[in-house]
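Let's read this one together, feature by feature. Have the model open as we go.

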Amino acid sequence: MSQYAAWAMALLVAGCLLGCDKPIDPAAYPLNPDLIVEPDGSGLPSVGLALLHTGDQVSLDAFAYEGGSWMRSRAFVHSAVLVQHPRGSLLFDTGLGRDVDAQVSADMPAYVRPLMKYTEREPAVDQLRKAGIDPESIGRIYLSHLHWDHASGIEDFPHARILTAREEQLAAQDPANSDVYLASQFDAKSVRWGSVEFIEQPYMGFQRSHDVFGDGSVVMVPMFGHSPGSIGMFVNLPGGRRFLFSGDTTWALEGFTRPAGKFLVASKLVDYDPGATRREIARVHRLMEYFPKLVVVPAHDFDVQQRLGFFPDFIATASARNLR
């Protein structure tokens with residue numbers, strides 16, 4: 001039996017012993033109807049949007065969501081999201097960076113590595129440069145959270161300001177959490193930290209939000225649960241196209257559509273607060289019902305991201321690029 005198969009069998013047995021989570025009942029997590037209001041999309045600037053494919057991982061479908069198949073493998077992706085705006089450009093997550101192998105070797109506990117085996121592609125910084133985009137023009141990097149496969153490229157962008165929820169930064173820098181966060185990814189003294197400040201401004205079913213440019217085109221929302229300070233990002237385009245980049249709240253779109261949490265053992269391993277994670281899954285499930293044109297993009301769902309297309313192709317292209 002291969003090492004991968006042995007881990008899968010061990011997790012399956014553990015899951016059977018622990019019992020499966022009950023399916024998520026969205027009615028158990030009611031939303032305030034006053035919050036479920038689609039913002040006015042008029043007057044939005046032209047925004048460029050692209051997915052940078054930095055790595056791959058293969059696992060079982062069953063690990064992605066409760067009820068997935070134990071007989072079918074599934075491709076996962078590690079990516080960064082590029083947003084080009086007339087007032088500046090940013091990344092949402094970094095994917096796998098130039099030094100990911102050394103980071104994993106130095107800091108990732110040996111017992112976790114078989115579950116996190118990845119295939120590295122091309123780091124975001126090199127993809128941008130190859131396309132003629134100066135990496136130094138990326139002024140800000142927002143992190144959905146600081147786990148290894150989202151934060152690996154932070155130090156590849158020394159000129160960028162690194163922004164995440166304050167709770168996330170504190171958790172990542174706490175030595176007690178060294179089994180979850182890889183300190184070598186963000187321990188350089190040159191890292192320019194900043195905090196995402198959410199205000200009491202309801203947005204698309206969320207009580208608090210942060211409008212990055214003040215024009216409704218890019219809006220961050222707290223999606224706590226997977227980690228102490230996880231965040232999601234809405235990107236809104238002229239003409240009514242709207243995207244939600246949901247981080248690791250669920251690893252596959254089926255988690256939102258069913259709705260269902262991660263496989264029980266996987267959730268206990270990686271979710272800081274499984275109950276809060278299930279609440280966020282239910283929230284997004286309801287939003288998808290209210291707004292069927294909303295495109296939800298889980299951070300690792302290869303199928304969803306492949307349909308949208310990977311950089312250097314753009315999902316949407318800004319009328320005036322500011323990165324060249």
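Q: Which residues of the largest nonpolar core touch the most other members?

A: A nonpolar core is a set of buried Ala, Val, Leu, Ile, Met, Phe, Trp, Tyr and Cys residues joined through side-chain atoms within 4.5 Å. Buried means under 20% relative accessible area, with exposed over 50% and partly exposed in between (1.4 Å probe, protein chains only). Here the largest core has 30 residues, and Leu49, Val83, Met220, Met233 and Phe245 touch the most other members. Elements giving two or more residues to this core are strands S1 (48–60), S2 (73–85) and S3 (88–92), along with S9, S10, S11 and H10. A second, separate core has 25 residues, including Ala50, Ala80, Val125 and Phe186.

Q: Before we go on, what are we looking at, and how are the elements named?

A: This is a predicted model: local features need pLDDT of at least 70, side-chain atom pairs count only at pLDDT 80 or more, and totals for chains, interfaces and linings use all residues. Residues are numbered from 1 along each chain as its sequence is written, and side-chain values use heavy atoms, with hydrogens and water left out. Helices (H or I, at least four residues) and strands (E, at least two) are DSSP runs, numbered from the N terminus.

Q: What is Phe245 in contact with?

A: Contact means heavy atoms within 4.5 Å. Leaving aside neighbours within four places in sequence, Phe245 is in contact with Leu49, Leu51, Val81, Phe92, Gly232, Met233, Val235 and Val297.

Q: Where is Ala299, and is it buried or exposed?

A: Look in the loop between strand S12 (295–297) and helix H10 (302–308). Ala299 has a relative accessible area of 12%, so it is buried. Not counting residues up to four places away in sequence, Ala299 touches Val77, Ser79, His150, Gly247, Asp248 and Gln305.

Q: Which side chains make polar contacts with His226?

A: A polar contact is a pair of N or O atoms within 3.5 Å; within protein, one must be able to donate a hydrogen and the other to accept it, and residues adjacent in sequence count only if both atoms are side-chain atoms. His226, in the loop between S9 and S10, pairs with His147 at 3.2 Å and with Asp248 at 3.5 Å. His226 counts as buried because its relative accessibility is 3%.

Q: What about Asp149: where does it lie?

A: Asp149 lies in helix H5 and is buried, at 9% relative accessibility. A 3.0 Å polar contact joins its side chain to that of His300. Asp149 is 56 residues from Asp93 in sequence and 8.8 Å away in space, C-alpha to C-alpha.

Q: Last one: how does the span of H9 compare with what is expected?

A: The expected span is 1.5 Å times one less than the number of residues. H9 (274–290) has 17 residues and reaches 25 Å from its first C-alpha to its last, close to the expected 24 Å. Its buried residues, among them Thr277, Glu280 and Ile281, pack against S9, S10, S11, H7 and S12. Thr277, Glu280 and Ile281 are also among the contacts of Thr249, which sits in the loop between S11 (242–245) and H7 (253–257). Thr249 is buried, at 3% relative accessibility.
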